[in-house]
Amino acid sequence: MSDYREMWTQLGLDLKSHDALLAVLGRAYKDIFLTQKNRPAGMKYFDFVTSEVHGLRIKELMDARAQGRIVVGSYCVFVPEELILAVDGISVGLCSGAEWNFAGAEEVLPRNLCPLIKSAFGFKMGKVCPYLEVSDIVVGENTCDGKKKSYEVLAPMVKDLYVMDLPQVKSEAGRALLRAEYGRFVEKLEAASGRKITADALRKRIEIVNAKRLAVKRLAAIRKADPAPISGLDALLINQIFFFDDPVRFTEAVNKLCDELEERVKEGAGVFPKGTTRILISGCPMAVPNWKVPAIVESSNAVIVGEESCIGERGTQWLTEGQGNTVEEMLDRITERYFRIDCAVFTPNASRLDHVREMTKKYDAAGVIHYSLQFCQPYIVESGPVERELEKEGIPVFRLETDYSQEDTGQLRTRVEAFVERLQGR
Amino acid sequence: MRTAGIDIGSRTAKVVVVEGGKIVFAKKSVTSHDLLATMDELLRGVSYDKAVATGYGRHLLRNRLGCGVISEIGAFAIGARALVPSCRTILDIGGQDTKAISLDEAGAMKKFEMNDKCAAGTGRFLEVMATALGYSLEDFAAAALSAARAEKINSMCTVFAESEVISLVAQGARRSDVALGIHGSIVDRSAGLLNRVVVRDDVVFAGGVALNPCVRQLIENRIGLRVVVPEDPQIVGALGAALHGEAGLHEDEQ
């Protein structure tokens, strides 16, 4: 690990704090993931990636930069990976899921703010995130109020903060705004990388990202089986690694895992007994290393069979479709694709309810857990109508709101157990 | 076959033994800081063939006794419905938490809400206030019932409410009026929780605080429905756990 210490020092990390963070993560990973029974062999690749999350992957990013490529970090699935790849750049997701240095974050941000945002600041101010430090550009986006205003505070702390504006309404004007923003983003990427995006390069990168999406869609489809061939925890981990691993290598690893899982399904083998209560999780994203709620659910006699979340199907179910001969045409196709994402920052957001319903049926879920981060107004407000509508249709819903701390795990466990008891009683 | 349901709560520990759906034994004791010692003392001399644990210490008990577990929400739903077959809504105010549960026509648990992040409006709150006013718990309820008017308490927090109560009395407020105000605060919190589930009769009021006739009265006034308080409102969870064990469904024994 001594190679990495030099690299981390170069990146300006606080080694002592960083060591502490890695120790905590290592323990959590061991307790949550490595104690699972009958894991697919294909998970070894993802265990390896996680063990090297701040090591080898960062080295790859630094080597890439040394070759003149740019690293672009972002916090939202609306930032097109295709465009970043088309300037030969590397796209990394910066969303963080650990309660780390919230004291520091709360010096510059309100206490009553989304934990995902506070975590990002906690990592930055605590100097423990090599992804943040290695990014040439950090892309912020005008999504929710919390993020929108927090980027103003983040700007002076990073090398180059670029804020992408997003529409609030899925109208013609909204689509035009998104298209214009993507055009502007292309200009930014070209200027920062010194490369011009060609139609050929963009077409190739669309294929790469589509292939990645197809791989995780394949994984999602296999989870229709009972017994569940893979745990929700492992599927979540894969969806999290989607955001920072090399896309081609990741795609290959997921497809290889899917080959193994398809065999399992044929044999009727799984990680939980057949008939285990099946639950769909819907709502706010769970950024790495946020594994709290799935760990509780899957140790309460239930299995998570799907995620209606940005780190999940909401982020991956659509492909960039259609042919395009020019960069402009392809940007139109890309806009079409991203414009369909039904995050709660949009108003109205009817298609989200449809997707939750569809997914519940597709994965044969007995019920839905609506997951919100504390203080997340868009999802918390949406959770009311989602619960009401689904319950009316006979789909049980349990709404929970939580943060990243361990403080409420006992309370969550009681409620999750009660919800599972309700589902088992039907 | 005797099935025991064990409910170790924050203030009291309960065990109920059922046989053929009937209660054959019930016992309560005070929860000490040592959960396992509490359990040992509670179960001393109690004979049973199978056990199910619920409440705060259920996982610890499962590891110790190898028994099954059920959430206290599930246990209360089963217990209340067994005691009152027409039950559709349950309000449980315990030592440190409150829960509201609504059941469907078949008596299955449907919606639930819990407050276990703050002890204001729970049994603890009542105890602290009774002491601050110099009453025993029984006299506290009686004093509140005898009051002509309620002295409104503004503080939400138990600690600050205690200070407010002392200050009100020092300014000449009648102790009974303050007592009624305190009981009103509890009902405000509970009614808020209840209204988030579907409130339909019959409403069963359980938990230690259900022993308080003033809280009972105020809740009935508030929701406009009669509440049914079982003979021993504190054992509802343990009873539900025992019946769940007897039914032999979804066992989680190790």
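Here is a quick tour of two protein chains, from their overall build down to a few single residues. The model is predicted, so keep that in mind as you look around. Chain A has 426 residues, and chain B has 254 residues.

**Overall build of chain A**

- If you count up the secondary structure of chain A, you get 19 helices and 8 strands.
- The C-alpha trace of chain A spans about 60 × 50 × 45 Å along its principal axes.
- A compact globule of 426 residues would have a radius of gyration near 22 Å, and chain A comes out at 21 Å, so the two agree.
- In chain A, 60% of the residues count as buried.
- Take the contacts in chain A between residues at least 6 apart in sequence: 76% of them join residues at least 24 apart.

**Overall build of chain B**

- Chain B is made with 9 helices and 10 strands.
- Its C-alpha trace covers about 60 × 40 × 30 Å along the principal axes.
- For 254 residues, the compact-globule value would be near 18 Å; chain B has a radius of gyration of 19 Å, which agrees.
- Buried residues make up 55% of chain B.
- Among contacts in chain B with a separation of 6 or more, 63% are between residues 24 or more positions apart.

**Surface and charge**

- Chain A exposes about 16,800 Å², and carbon and sulfur atoms supply 53% of that area.
- Chain B carries 28 positive and 30 negative side chains, with 3 Å between the centres of the two sets.

**The nonpolar cores**

- In soluble globular proteins, nonpolar side chains tend to be buried together.
- Here, the largest nonpolar core has 141 residues, and A:Phe46 and A:Phe185 are the ones with the most contacts inside it.
- Helix α11 of chain A (residues 199-222) gives this core its largest share, 7 residues.
- Want to see who A:Phe46 meets? Skipping residues up to four places away in sequence, A:Phe46 touches A:Tyr29, A:Leu237, A:Ile238, A:Ile241, A:Phe250, A:Ala253, A:Val254 and A:Leu257.

**Close-up: A:Ala302**

- You'll find A:Ala302 in strand β6 of chain A, which runs over residues 302-308.
- A:Ala302 counts as buried because its relative accessibility is 0%.
- Beyond the residues up to four places away in sequence, A:Ala302 touches A:Phe272, A:Thr276, A:Thr277, A:Ile279, A:Val297 and A:Val420.
- A:Ile84 is 218 residues away from A:Ala302 in sequence, and their C-alpha atoms are 39 Å apart in space.

**Close-up: B:Asp97**

- B:Asp97 sits in a loop of chain B, between β6 (89-93) and β7 (98-103).
- Is B:Asp97 buried or exposed? With a relative accessible area of 19%, B:Asp97 is buried, because the cut-off for buried is under 20%.
- Apart from neighbours within four places in sequence, B:Asp97 is in contact with B:Glu72, B:Asp92, B:Met114, B:Asn115, B:Asp116 and B:Thr122.

Technical notes. Residues numbered from 1 in each chain as written. Chains lettered and ligands numbered in written order. Predicted model: local features only at pLDDT ≥ 70, side-chain atom pairs only at ≥ 80, totals over all residues. Heavy atoms only, no water. Helix = DSSP H or I, 4+ residues; strand = E, 2+ residues; numbered from the N terminus. Rg over C-alpha atoms; globule rule 2.2 N^0.38 Å. Buried < 20%, exposed > 50% of the residue type's maximum accessible area, 1.4 Å probe, protein only. Contact = heavy atoms within 4.5 Å. Areas by Shrake-Rupley, 256 points an atom, 1.4 Å probe, with all protein chains shown as cover. Core = buried A, V, L, I, M, F, W, Y, C linked by side-chain atoms within 4.5 Å. Lys, Arg positive; Asp, Glu negative; His and termini not counted. Charge placed at Lys NZ, Arg CZ, Asp CG, Glu CD.
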